[in-house]
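Biologist: Please walk me through this model, and tell me how each term is defined.

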Amino acid sequence: MYVRNARRIEAPAEQIWSWLVAASLRHAWISSANNIRILTGDTRALARGSRFRWSQSGFALDSEVLEFEPPKRLAWSARSPFIRACHAWDLQPGESGFIVITDETKRGIMPMLFGPVLRPHAEYP
């Protein structure tokens, strides 16, 4: 399953980036994200190589930050016995503010069986 979304935000890139990497704000970006715990390094914000545990739609996930290019790109992997996912966030200059583009892929038994149910959780406001 592949989903791409774009959201225009009227704020400086550095401010958007600080919101994006803040563990306590993850629920604002992904409404179905819960119980986020950063396991390595600074436990308040994601960084290069951060490992974190969280749940989405009731499924526990183990994740690792794979790409970290402030304030332009953040990408991580997510794994569970039933799903393998990659999620990238790109900040691009817009006419006013920035456009946050997300690309997400999900593979495994869960997306194969429940793709239509999972798709709304991959769409961000």
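**Cavity and sheet**

Biologist: What volume does the largest cavity have?

Modeller: This is a predicted model, so local features need pLDDT of at least 70 and side-chain atom pairs pLDDT 80 or more, while totals for chains, interfaces and linings use all residues. Residues are numbered from 1 along each chain, and side-chain values use heavy atoms, without hydrogens or water. A cavity is a set of points on a 1 Å grid over the protein atoms alone where a 1.4 Å probe fits but cannot get out, its volume being the space filled by probe spheres on points joined across faces, edges and corners. The search finds three cavities of 30 Å³ or more, and the largest has a volume of about 170 Å³.

Biologist: Which element gives the most to its lining?

Modeller: The lining (residues with an atom within 4 Å of a point) has 17 residues, with Gln 56, Leu 61, Ile 83, Glu 104 and Lys 106 closest to the centre. Elements are DSSP runs numbered from the N terminus: helices (H or I) of at least four residues, strands (E) of at least two. Those giving two or more residues include β3 (51-56), β7 (98-107) and α3 (109-118). With four residues, the top contributor is β6.

Biologist: Which strands stand at the edges of the sheet?

Modeller: Seven strands form an open antiparallel sheet, ordered β1-β7-β6-β5-β4-β3-β2, where pairing takes at least two DSSP bridges. Eight bridges join β1 to β7, and Ile 9 stands opposite Phe 98 in β7. Two strands have a single partner each, so one side of each lacks a neighbour in the sheet: β1 (2-9) and β2 (33-38).

How values were computed. 1 Å grid on protein atoms, 1.4 Å probe; cavity = no way out; pocket = protein on both sides within 12 Å on 5 of 7 lines; lining within 4 Å.
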